[in-house]
Amino acid sequence: MAACCNEQSRGEEESNKETDVSSACWLPLESNPEVMNKYVNKLGVLTDTFKFTDIYGLDEELLGMVPRPVLAVLVLFPITDAYEEFRSAQEELITLNGQRVTPDVYYMKQTVGNACGTVAIIHSIANNTKILSPDPKKAIGKFLEKTKSMSPKERAKCLEIDQGIMTLHEQSAEEGQTEPPSREEPEPCLHFITYVCVDNELYELDGRRHYPVNHGKSSPDTLLEDASRVIKKLMAIDPNDVRFNVVALAPSC
């Protein structure tokens, strides 16, 4: 499956007319570990120690097949009316009750259409730089160095004009097993998000949101199980919709 998403919510079109949302639209990236691993290699992260791998199910036995520690969990899922209602209610609760977000979380907005796959990959790398050691002379290393002190919106604007990352994204989008949808195709609306553990807490990083979402305590050893519990709730919103794909950034074995 390939991500084919707009950066804005279905109810945000009018409000976004007054914001900095980009008119740019990239080709959708496929949720395919082989494609993603080639992509991150070109970006400047070697996959000899950690690489993206499919998660074939969220039950205990199948999760147990994934090597540990898991550095990030990426989910491709459908944006439906039911999901948008869920997201809106969740954000209202966060606004009402507040949440703790560590300043150590690297988070960016998504302002380029269909760039959610790249944003999810950036989130997975940026929050694990000490382990993954991105090459400072290549695209991702340069981007992270340039944006490390920027706001989430500034990072999004920086991605808009990053020709190196855009070119590599487009090349990777052409390498999937399925023909990518057109840049302007509005449906199906599939979207990538990332789960990471930072300062022993589980964070959901979604460039369509206004901020990271803290899902509570976690650890490098339990990240996969903790993320899976949240993903199961996500899947329960539309239990008859099977358009979900989960990938882990895990040790290369």
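In the predicted model, Ile55 stands opposite Val246 of strand β6. Strand β1 is joined to β6 (residues 245-251) by six bridges, and the two run antiparallel. Helices (H or I, at least four residues) and strands (E, at least two) are DSSP runs, numbered from the N terminus; two strands pair if DSSP finds at least two bridges between them. Residues are numbered from 1 along each chain as its sequence is written. Local features of this predicted model need pLDDT of at least 70 and side-chain atom pairs pLDDT 80 or more, whereas totals for chains, interfaces and linings use all residues, and side-chain values use heavy atoms, with hydrogens and water left out.

The six strands form an open sheet in the order β1-β6-β2-β3-β4-β5, with antiparallel pairing. Its edge strands, β1 (50-55) and β5 (213-217), each pair on one side only. From one strand to the next, the twist averages 25°.

Helix α2 (residues 33-43) packs on the sheet, touching (heavy atoms within 4.5 Å) β1, β2 (72-78) and β6, and its direction makes about 165° with that of β1. Angles run from 0 to 180 degrees between N-to-C directions, with axes fitted to C-alpha atoms, for helices over the stretch in contact. Helix α5 (residues 116-126) also packs on the sheet, and its direction makes about 5° with that of β3 (190-198).

Arg155 lies in helix α8 (residues 152-160). Not counting residues up to four places away in sequence, the contacts of Arg155 include Tyr106, Tyr107 and Phe143.
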